[in-house]
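Biologist: I'd like to learn how to read side-chain features in a model. Could you walk me through some?

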Amino acid sequence: MNVRMNDTAFLRKAEVVARLRERLPRESVLFEEEDLRPWECDGLSAYRMVPGVVALPAGEEEARHVLRVAHALEVPVVARGAGTGLSGGAYPIADGVLLSLAKMKRILSVDPAARTARVQPGVRNLAISEAAAPYGLYYAPDPSSQIACTIGGNVAENAGGVHCLKYGLTVNNVLRVRGLTVEGEVVELGAEALDAPGYDLLALVTGSEGMLAVVTEVTVKLVPKPETARVVMASFDDLGRAGEAVAAVIAAGIIPAGLEMMDRPATRAVEEFVHAGYDLEAAAILLCESDGTPEEVEEEIGRMTDVLTRAGATAIRVSESEAERQRFWSGRKAAFPAVGRISPDYYCMDGTIPRKRLGEVLAFIGAMEKKYGLRCPNVSPAGDGNLHPLILFDGNDPDELRRTEQFASEVLQKCIEVGGTITGEHGVGIEKINEMCVQFSPEELETFRRVKRAFDPKGLLNPGKNIPTLHRCAEFGRMHVKRGALPHPELPRF
Amino acid sequence: MSDELQRLADSIRAAAAARSPLRIRGGGTKDFYGQALAGDLLDTRGYAGIVDYDPTELYATVRAGTPLAALEAALGERGQMLAFEPPRFAPGGTVGGAVASGLAGPRRQAAGGVRDFVLGVRMLDGRGDDLFFGGQVMKNVAGYDVSRLMAGAMGTLGLILEVTLKVLPRPAAEATLRLEMPEDRALETLNRWGGKPLPVSASAWSGGELTVRLSGAAAAVRAARGKLGGEAMDADAAARFWEGIRDHRDPFFAGDEPPWRISVPSTAAALPLPGDQMIEWGGALRWLRTQADARLVRDAASKAGGHATLFRGGDKSVGVFHPLAAAVARLHRNLKAELDPAGILNRGRMYADF
């Protein structure tokens, strides 16, 4: 290492590296520019920053050492799983430590009788289901990145998936988390029982974007694989009617295993890519899945077909085989790569809205397409109100990028206005931190900061993410105004 | 702001200024639960009513003082329910109390607990600030999940003003079966069934009798009845039986020995403790009626990977709730100090030191 004596930051980095190496092998502490470069972003690749140091602990003891060193030297720590997150939750800090949990990827045990698996944080989501498959079990939450994303990251983001309505989110499927506090102390949150004494810190840490603790081990719930699953594909000639059909399914007392909507721009974009046989004339198609015993599925598919027909479906097809079911879903799963083929860049949003406002919000997005002159196909897990509009743009055109950001911000604010939220499953990270100022009041944001202080008084775990500072909100300008209260009366205005 | 909300907020602000503890209370049906009851009574029942309920959205937003029975009746009219089957113990319990206590009934094993159904809260913290967290949508990861934290916090971190609960359709069909079997076999059987796609929604074993409830599509319930065997119970008798388990009116809960609530992994072997036991939740919840020493009960629960609560009566000086590990206890105290800095909300109701 070339030590430049006049560079205090450099000396500090040298000290961090030296201290980390007291317990971690040489190859597990990266600090040279070329080794750091691959860690400069997560799935939100528009934001890049080379981290100061990357630490790759092989187990909990090493992870503990990293936190103790960082805490003693007051260096910020950003924990990272597979780096598939879409909101910049694992965006590095230039003079901080990026704590990669990728080496901790052992499945410690699968207990078929208890229907649980105990895994290290770097285990991939899909690997858990693969390990459980021989017992007829699987791990239910299935974010679309499940082949790559890790369970530690899933816990940090409270990851969802297409089957949430029936099977829940990460928070509903994790029994216990073992983790480290910022001081490097081991804590067990939750239990292998169905509850634990005291506050539900497991729920609080789930979705906290690595700001409260670092996950070193997770016990997940496994559920029996349904004997069979079938999907109804229904066409609608009007977006609003498709939205109403979603509500009608729920009103009929049906909880589908999956319920997704694709609009015409989306079906047209993917059909060429996957040849799923989508109705390209339909304004939107709904995919509505039933799973369970063959008797149950037969009965439910009948009811779904009835409801969708009465809701004005112009065509209905029911999957007759597992291959056909997979084909119907293929466009949904391939939506992102397909869109990647028709546009140089795309920006994926993640607002959630009450189901009954779906038609209204889709119409709003249509109006925004005209206003900003950008296309925006929609693929939405409509059953749970989550929207993933994809704004298509060319990143080499600075004006298109600017329009995309404004487009996205308007849509997020619309989501808040109709009683929804700015992020259903991708997290706030750095991406949506400004919109947090719109969704929450100053007192609510202060409560988040208080929660943070209870766990991390020095603010060393993933600082700058998720919860905006008071000044950041003041600078953003668009304020939360709720119940007639004046935002930030304590700050001077000009 | 309504007058009643203003009154609640003013009471908290005044109490915080005077550092004088408040005892938050709805119907008082769970006064028996938890550690000491201390402070001036703050009755939530004046802040009642269903704020928003749309069956097609699968949620209900309800004020804390709303009687639980009224909410469940309103949901029932639209063919829906609170799937965590909150216990009532006595008439007059409120929705706020059901959420704050975090207690779930027999359907817990299949549907999830209170926290799994909390989508959002409006609350007053220990400063009297009026705060909203979460919302009315199922997927929501903006900020920390303060709303789920309120479930089971026993009112020690804030007063729940309104809560949005996810609701579900009532099952199309139900059936209750009864089978004779000893404890060990019941545990083994329940865990084996748990690993199969069977619609078991509740289970209760005591005195050599295992009772299970099946819920779901008519075809699924019919098919499962064939697989499980046993004797079917009359529908009315079954409904009374499960209410008795839920509300502790079952004869098992009558008598002088205090009931311990022992939460363990469902596969934990029969607990070697003196006294009668009732096993619920597919093996994950063991009720024990015993005069045995608290240490004995807690050691057995810990060894089995769980925890034990002195649920009602008995000598509360042993601690109603299982002691926390030091690092976790510190996080509890920090959270309490941050959200209720004057330490006035239900002080000592959960753990004596906060």
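Biologist: Which side chain makes a polar contact with the side chain of Thr164(B)?

Modeller: A polar contact is a pair of N or O atoms within 3.5 Å; within protein, one must be able to donate a hydrogen and the other to accept it, and residues adjacent in sequence count only if both atoms are side-chain atoms. Here the partner is the side chain of Thr61(B), at 2.9 Å. Bear in mind that this is a predicted model, where local features need pLDDT of at least 70, side-chain atom pairs count only at pLDDT 80 or more, and totals for chains, interfaces and linings use all residues. Residues are numbered from 1 along each chain as its sequence is written, chains are lettered from A and ligands numbered from 1 in the order in which they are written, and side-chain values use heavy atoms, with hydrogens and water left out.

Biologist: Is Thr164(B) buried or exposed?

Modeller: Buried means under 20% relative accessible area, exposed over 50%, and partly exposed in between (1.4 Å probe, protein chains only). Thr164(B) comes out at 5%, so it counts as buried.

Biologist: Where is Thr164(B) found in chain B?

Modeller: Helices (H or I, at least four residues) and strands (E, at least two) are DSSP runs, numbered from the N terminus. Thr164(B) belongs to strand β8, residues 159-166.

Biologist: And how do I read aromatic pairs?

Modeller: Rings of Phe, Tyr and Trp (its six-membered ring) pair if their centres lie within 6.5 Å; planes under 30 degrees apart count as stacked, over 60 as edge-to-face and the rest as tilted. Over all chains, the structure holds 20 such pairs. One of them joins Phe32(B) and Phe89(B) edge-to-face, 5.3 Å centre to centre with 90° between the planes. These two are 57 residues apart, so to speak in distant parts of the chain. Phe32(B) is buried at 15%, and Phe89(B) is buried at 13%.

Biologist: What kind of pair do Phe253(B) and Trp287(B) form?

Modeller: Edge-to-face, at 5.4 Å centre to centre and 80° between the planes. Phe253(B) lies in the loop between α9 (235-247) and β14 (259-263) and Trp287(B) in strand β16 (285-289), so the pair ties together parts 34 residues apart in sequence. Trp287(B) is buried, at 4%.

Biologist: Which ring does the charged end of Arg63(B) sit over?

Modeller: A charge sits over a ring if NZ of Lys or CZ of Arg is within 6 Å of the ring centre and within 35 degrees of the ring normal. For Arg63(B) the ring is that of Tyr47(B), 4.6 Å from its centre.
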